[in-house]
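Student: I am new to this structure. Please take me through one part of it closely.
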Amino acid sequence: MKLSPAKSSLCLLLLLFLAIVTTSSAHNITHILAKHPEFSTFNRYLTLTHLASEINRRQTITVCAVDNSAMDDILDKHMSIYTLKNVLSLHVFADYFGSKQLHRITKGTTLTATLFQATGEAPGTSGYVNITNMKGKKVGFATEDNDGHFSANFVKSIQEIPYNISVIQISNIITSTAAEAPVAPPTDIDLIDLMSKKGCKEFAKLLQNSQISKSFTDLIENGLTVFCPIDKVVNSFLPRSKNGFINTMATTKGKNNKYDFSVQNDGDNVKLETNIVTAKITGTLLDEEPLAVYKIDKVLQPSELFKAQSINSEDTAPEPSSGDEEGDGETTANNNGAMIMSVNGGWLITFVLSIALVFV
């Protein structure tokens, strides 16, 4: 059936309206909590445990945030990142509870499923949380089997987008023996073997001949992201160098040696930028918590060790900068290679996993 121009225009306007409504209902928990520095630790660990992305993709959700002091109490228990994810999952309800809904619960009490239950990680029904209206207009939160003890109370509403997302503050972490139980880490991953089989064999060889790969095991447990240059860019880079290569791990030693880079995210296109070169992420070798490994199309060159003019010609080898760097024989090196970001003890530490040019 052919629609008249008037009806066609009406349908187009209706589709446009629905698109606007859908877009306006989207939420980003990271951005919401970023406006409130007192929840910065909770916000950080939502990202590190990948719960933030899970929250953002759901349309009906309630997040029970705790302040930095309450987060310090749980972090003092030195849980693994896997266990901490279960604990925080217990603070994300798969239903909408704004301030009004919390104070008007039918019969004064209800059970609600959390992401801990929804993901299948919770044994039995331990992933359900009891919400109860108490005396003095207080609202208590506890696990299903709580023996009448409520470990957390409602404090205030942080932000509500009705029936989409409600972000509230509660007084303490909701305690749960099941959620806090130790979680076995995933099977050990051979990072060298993984890169060798996925197009980064030449870079893997350089790592294998160094002592750096021995550090991976300790780093992976707390979260590790690796950007490795693909074979063709490593092969084209190595012959141009004037001296032999060794491998080293650059640190932030020296006030002028940051060895950092920026990440520019434009939809599905992700770029890594130093002042010298811009590399694109061209593929994913592995993305399984807590390890992520990505292919990049260029060798990263930090400005601390390379001159900006070296990228002006494809036929000219990158020249090392003048020897202004501080340090001993291990740090007087030309550094090109994969950046590694490691999360340890709640702080983000940036390392440079590098191919180093030693000057004689």
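Are F227 and Y294 buried or exposed?

Tutor: Both F227 and Y294 are buried, where buried means under 20% relative accessible area and exposed over 50%, with partly exposed in between (1.4 Å probe, protein chains only). First, the ground rules. This is a predicted model, in which local features need pLDDT of at least 70, side-chain atom pairs count only at pLDDT 80 or more, and totals for chains, interfaces and linings use all residues. Residues are numbered from 1 along each chain as its sequence is written, and side-chain values use heavy atoms, leaving out hydrogens and water.

Now the rings. Rings of Phe, Tyr and Trp (its six-membered ring) pair if their centres lie within 6.5 Å; planes under 30 degrees apart count as stacked, over 60 as edge-to-face and the rest as tilted. The count by this rule is four aromatic pairs. In one of them, the ring centres of F227 and Y294 are 5.7 Å apart and the planes stand at 25°, so this pair is stacked. F227 sits in strand β8 (residues 224–229) and Y294 in strand β13 (residues 291–296), so the pair ties together parts that are 67 residues apart in sequence. Strands here are DSSP runs (E, at least two residues), numbered from the N terminus.

Ring pairs also link F93, F97 and F141 into a cluster. Follow F141 onward: its bridge partner in β6 is A152. Two bridges join strand β5 (residues 139–143) to strand β6 (residues 152–161), and the two run antiparallel. Strands pair if DSSP finds at least two bridges between them.

Definitions and conventions. Helices (H or I, at least four residues) and strands (E, at least two) are DSSP runs, numbered from the N terminus.
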